[in-house]
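Visitor: Could you walk me through this one? I'd like to start with the core and then look at a helix.
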Amino acid sequence: MLKMDAPALTAFLAREFPQVCDDFRVDRVDMQGVSVTLRVADRHLRPGGTVSGPSMFALADVAVYLAILSRVGPVALAVTTNCSIDFMRKPAAGVDLRCDVRLLKLGRMLAVGDGLLWSEGVDQPVARASLTYSIPPV
């Protein structure tokens, strides 16, 4: 059962993480997972005309976090305990980046999510991320 939909997740980001909420857009929330878009701006780029690794990590991290919250509710203190990213191809600089997340495990204390990152208009993923989160006791 979903506990937070796209508007609720967007409001949560605006309230708890105002420093980054304008960077992300929640596009889809369902029982399979979420899709979150990074609105790519100059600050997200690195030399060579591509989206930086830290910006790609931020997108994957936020997307998995929101997928978890969509199912458990607004638990602001859930934290990343592990992340692995495979960078597979160069993302385009002039387009947004999307992360499609599916939750692989959602337990009482740990959640594991897998995300594919896509450059808008490109038919192959640019990166794959696997993240584990610790969920604090309620």
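Guide: What follows is a short talk through a core, a helix and a loop residue. This is a predicted model, in which local features need pLDDT of at least 70, side-chain atom pairs count only at pLDDT 80 or more, and totals for chains, interfaces and linings use all residues. Residues are numbered from 1 along each chain as its sequence is written, and side-chain values use heavy atoms, with hydrogens and water left out.

Visitor: Which residues of the largest nonpolar core touch the most other members?
Guide: Leu 59, Leu 66, Leu 69, Leu 97, Leu 117 and Tyr 133 do, out of 39 residues; such a core is a set of buried Ala, Val, Leu, Ile, Met, Phe, Trp, Tyr and Cys residues joined through side-chain atoms within 4.5 Å. Buried means under 20% relative accessible area, exposed over 50%, and partly exposed in between, with a 1.4 Å probe and protein chains only.

Visitor: And which element gives the most to this core?
Guide: H2 does, with 11 residues; helices are DSSP runs of H or I with at least four residues, strands are E runs of at least two, and both are numbered from the N terminus.

Visitor: How many of the residues in H2 are buried?
Guide: In H2, 14 of its 20 residues are buried, so the helix is mostly covered.

Visitor: Switching topic, where is Phe 17 found?
Guide: Phe 17 lies in the loop between helix H1 (6–16) and strand S1 (24–30), and it counts as partly exposed because its relative accessibility is 26%.

Visitor: What does Phe 17 touch?
Guide: Leaving aside residues up to four places away in sequence, Phe 17 touches Phe 12 and Tyr 65, where contact means heavy atoms within 4.5 Å.
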